[in-house]
Amino acid sequence: MGDEKFLPSSYGLGTTEATLAHYEAWAGTYDTEIGEENRYAQPERCTRALLASGVGPDARVLDVGCGSGLSGVALARGGYALIDGCDLSPSMLALAVETGAYETLFEADLNQGLDVADATYDAATAVGVFSFGHIRADALRDVLRAVRPGGVVVVGLNDHFWDEGSMPAEFDAVEADGLATTTFRQHGEHLPGAGIEGWVVTLVKTGGDA
Ligand SMILES: C[S@@+](CC[C@H](N)C(=O)[O-])C[C@H]1O[C@@H](n2cnc3c(N)ncnc32)[C@H](O)[C@@H]1O
């Protein structure tokens with residue numbers, strides 16, 4: 001049972017129901033398969049991007065699709081102390097609680113909307129969550145809504161989903177609609193142990209002081 005690998009089928013998911021079942025089954029071995037065996041690089045890369053954007057350690061950060069907490073643990077190591085997280089999968093959230101990196105954790109299906117008041121957060125991260133059958137590209141607008149004007153959203157995603165096209169199109173569309181400006185785009189390691197690369201993209205929400 002512990003030998004079952006879930007990463008390959010992650011890129012073939014087509015519905016939220018299938019994705020939920022996938023992570024409910026994977027939760028117990030996710031950190032080992034992703035964090036250890038495949039040396040997941042995106043949590044650290046996204047934290048570096050957030051720090052480089054000028055968002056300080058006292059910022060309120062929402063980690064969207066926090067999963068088991070690898071992304072929140074990287075944020076905490078980067079000095080952030082006020083981190084909330086949300087995710088579709090209760091079993092992944094239960095692991096995130098154990099990390100101690102988060103203040104508040106809540107269940108959410110981002111494709112159904114984020115139940116958070118406008119401008120609640122100084123920043124948001126979405127690490128490995130915009131993908132096939134996962135969070136759809138258009139949910140980026142809801143994430144931006146939850147961040148204050150001048151706040152920052154950092155997205156980390158794999159090459160497979162970048163090449164699908166909806167995310168680069170959405171980054172361009174939110175900029176064309178005057179909602180945010182892309183300030184950083186970097187290609188690099190995603191899961192080096194599996195030979196998968198990916199992108200980190202930083203957006204600054206329109207208005208306010210960055
Ligand atoms: C690859 S994991 C990434 C988790 C964490 N951010 C990390 O970097 O380790 C993808 C996460 O996205 C969550 N997810 C997928 N679809 C979602 C949705 N519609 N709404 C919220 N979370 C979703 C999954 O439950 C899973 O925990």
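**Ligand site, cavity and pocket**

The residues lining the largest cavity divide into 20 nonpolar, 16 polar and two charged. The model is predicted.

**The largest cavity**

- One cavity of 30 Å³ or more turns up in a search of the whole structure.
- The largest cavity holds about 490 Å³ of space, and 38 residues line it.
- Closest to the centre of the largest cavity are Tyr23, Gly65, Gly128, Val129 and His134.
- Helices α1 (7-10), α2 and α4, together with strands β2 (82-87) and β6 (180-191), each supply at least two residues of this lining.
- Helix α2 has the largest share of the cavity lining, with seven residues.

**The shell around the ligand**

- There are 22 residues around the ligand, and those that come nearest are Tyr30, Tyr40, Gly65, Asp87 and Val127.
- By class, this shell has 12 nonpolar, eight polar and two charged residues.
- Helices α2 (16-37) and α4 (70-77) each give at least two residues to the shell.
- The most come from α2, which supplies three residues of the shell.

- The side chain of Tyr40 has an N or O atom 2.8 Å from an oxygen atom of the ligand.
- A polar backbone atom of Leu110 lies 2.9 Å from a nitrogen atom of the ligand.
- In the side chain of Asn111, an N or O atom is 3.5 Å from a nitrogen atom of the ligand.

**The largest pocket**

- The volume of the largest pocket is about 300 Å³.
- Its lining consists of 14 residues, and Tyr40, Pro43, Glu44, Ala74 and Arg77 lie nearest the centre of the pocket.
- Helices α3 (42-52) and α4 each contribute at least two residues to the pocket lining.
- Helix α3 gives the most to this lining, with five residues.
- The pocket lining comprises six nonpolar, three polar and five charged residues.

- Helix α4 supplies at least two residues to the ligand shell, at least two to the lining of the largest cavity and at least two to the lining of the largest pocket.
- Helix α2 gives the most to the ligand shell and has the largest share of the cavity lining, whereas α3 gives the most to the pocket lining.

Terms used. Residues are numbered from 1 along each chain as its sequence is written. This is a predicted model: local features need pLDDT of at least 70, side-chain atom pairs count only at pLDDT 80 or more; totals for chains, interfaces and linings use all residues. Side-chain values use heavy atoms; hydrogens and water are left out. A residue is near a molecule or strand if one of its heavy atoms lies within 4 Å of it. A polar contact is a pair of N or O atoms within 3.5 Å; within protein, one must be able to donate a hydrogen and the other to accept it, and residues adjacent in sequence count only if both atoms are side-chain atoms. Helices (H or I, at least four residues) and strands (E, at least two) are DSSP runs, numbered from the N terminus. Ala, Val, Leu, Ile, Met, Phe, Trp, Tyr, Cys and Pro count as nonpolar, Asp, Glu, Lys and Arg as charged, and the others, Gly among them, as polar. On a 1 Å grid over the protein atoms alone, a cavity is a set of points where a 1.4 Å probe fits but cannot get out, and a pocket is an open set with protein on both sides within 12 Å along at least five of seven lines; lining residues have an atom within 4 Å of a point. Grid points are joined across faces, edges and corners, and a volume is the space filled by probe spheres set on the points.
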